[in-house]
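Hi,

Here is the structure I promised to pass along. Could you open it beside this email while you read?

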Amino acid sequence: MFALADCNNFFVSCERVFRPELNGRPVIVLSNNDGCAVSRSNEAKALGIKMGAPLFQIRELVEKHGVAVFSSNFALYGDMSRRVQEVLRRYSPAVEQYSIDEAFLDLRGIQIPDPDALAKEISSECRRRTAIPVSVGIAPTKTLAKIASKLCKQYPKLRGGCYMHRPEDIEKVLKRFPAADVWGIGRRSARKLEAAGIRSAWDFTRLPEVAVRKRFALPGLRTWKELQGIPCIEFEDMVEPRQSICVSRSFAKEITDPTVLSEQVANFAEGAVEKLRAQHSLAFEMAVFALTNRFKEGVPQTIGSSLRSFPDGTAEHRAIVSAAVAGARELFRPGYGYKKAGVVITRLGQENGHTPSLFANPESEQREASLSQTIDHINGSFGRGAILFGVQGDGRIRMSREHQSPHYTTLWSDIPTASVK
Amino acid sequence: MEPQKIEAGAPIESVIMGSVKAGFPSPAEDVREKLDLSRLLVRHRDSTFFFRIDGVSMVDADMDEGDIIIVDRAVAPYDGCKAVCYIDGEYTVKKVSLREGGATLLPCNVHNTRYKPIPVGPDDDFLIWGVVTYIIKKA
């Protein structure tokens, strides 16, 4: 048996933890740079605000209905996500964090007298301990557990938890569940299903196995079996190191100055180094890119990129940041307004199992390594950006975050206040 | 010295470096104890939050302006506990009385008669946000 715990409207729910008066009111959270709605409360959904709707298109709705608008606050969301994960770990030693707001629990081999009560208990414990509402579905397969958790959102009387296992119940649910919304059915498969007149998840399970294998290949077959209660999607509680690392942002205002652009790129590179070091990988190749605003008509457009390589592999702050700055200087062309830039580490290797080059200089390598460790240590204790390279400017990324809430749980200066009365 | 078998992947360093230094070995070498304030103050990492006390000092509550209070949502409210409550759009610290079958929020400042006891109804679960477990104050 598997459980899927899915935080309801997660970013909005995080904002509500410290602003309980927002319960029952329409709330949205915007993407990086305040572009579009990426999380919506049920009240905001009811107003017709669509996922990904650009802010400028919904301004009128926002004003008319007093929608509370927030810029994304990933320090808060990351910390609240960690808290929910820790609650979940009380129920199973194997927790697979699937995304910032979703996790699978492997319940195989655990004695559970009443799975439905367990689902409800997990949900209420998450709520009690973290104030985040969580929908918990328990079912024989991961795919069915996901569908069960969606049921909890549709039916409040399930009290946040639901166990779906009896074949007649599964049939009833799948008959009403759109095939296109099943986990693992991508956009292309969804189009194929629609063309074949297959609407519900149940219709999909009625296809003969050979037809599924032929038209939807192995992944489709896996989903087909999972919907019938046969587990075939691996449980992955070990986080695989990323194959590439990308840090990129759109800027609030277009950048025309080469120094400003390279400062921004240096900050992205520093962000990439943090991720690289966290997973103990080495960078062998990195691309720096910057582009103009393609939505703005009548202005000259360009996309520039520059490739940097590290033949011996490196995870040192200085090497990567200075290579990124060199890349930014190389690609910059005067007369263009750059709207977005980024750094992508395109080729990664593992720290161990790496043979140093014959020409490596152990002494200077050791110096670089201890410099990097010192930077990690300082930024780890005093917060990101506590120590910077000069090329990073003031260390700030030129994003608009007009509506960002305080970092309530991660910065001493931002903790909420309480009065004594 | 006997030859030693080195397991693949084991740190070789410890074999080569070992404790070969001459002097008297420190008897405290193997002691790993240390005092960690977060282990004392944060019992549950998932449910513990920090708040700063704002406003005039109130003797009865042992809390002064600028103090940091540690609030644990996992602790069930008990009679006489202090809790952060959400009332009228702000967080305030109240004393919780759990007598006569129901909970009542009492003002922490007996000198201020403006604030009356608030009974907690079954639908008011949002009222008590979390129980105060520690108060950090500057001496």
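To start with a term: two residues are in contact if their C-beta atoms, placed from the backbone, lie within 7 Å. By that rule, the contact between the chains takes 29 residues from chain B and 17 residues from chain A. Before going on, note that this is a predicted model, in which local features need pLDDT of at least 70, side-chain atom pairs count only at pLDDT 80 or more, and totals for chains, interfaces and linings use all residues. Residues are numbered from 1 along each chain as its sequence is written, with chains lettered from A and ligands numbered from 1 in the order in which they are written.

**Where the chains meet**

On the side of chain B that touches chain A, strand 1 (48-54), strand 3 (82-87) and strand 4 (90-97) each supply at least two residues; helices (H or I, at least four residues) and strands (E, at least two) are DSSP runs, numbered from the N terminus. Strand 1 of chain B gives the most, with six residues. By class, this side of chain B has 17 nonpolar, six polar and six charged residues (Ala, Val, Leu, Ile, Met, Phe, Trp, Tyr, Cys and Pro count as nonpolar, Asp, Glu, Lys and Arg as charged, and the others, Gly among them, as polar).

Strand 4 of chain B also runs parallel to strand 13 (residues 417-420) of chain A, joined by two bridges; strands pair if DSSP finds at least two bridges between them. Within this pairing, Ser419(A) has Thr92(B) as its bridge partner.

**Inside chain A**

The largest nonpolar core has 65 residues, and Ala3(A), Ala5(A), Ile132(A) and Ile138(A) touch the most other members. Such a core is a set of buried Ala, Val, Leu, Ile, Met, Phe, Trp, Tyr and Cys residues joined through C-beta atoms within 7 Å, where buried means 20 or more other C-beta atoms within 10 Å of the residue's own. Helix 4 (residues 74-88) of chain A gives the most to this core, with six residues. A second, separate core of 33 residues includes Val247(A), Phe251(A), Val273(A) and Tyr338(A).

Helix 4 of chain A also meets helix 1 (residues 10-17) of chain A: their axes, lines fitted to C-alpha atoms over the stretch in contact, come within 10 Å and cross at roughly 95°. That makes the two helices roughly perpendicular (65 to 115 degrees). Phe10(A), Phe11(A), Cys14(A) and Val17(A) of helix 1 touch Leu76(A), Tyr77(A) and Met80(A) of helix 4, a contact with seven nonpolar, no polar and no charged residues.

Happy browsing!

Note on methods:
A residue is buried if 20 or more other C-beta atoms lie within 10 Å of its own, exposed if 12 or fewer, and partly exposed in between; C-beta atoms are placed from the backbone. Axes are lines fitted to C-alpha atoms, for helices over the stretch in contact, and angles run from 0 to 180 degrees between N-to-C directions. Angles under 35 degrees count as roughly parallel, over 145 as roughly antiparallel, 65 to 115 as roughly perpendicular and the rest as oblique.
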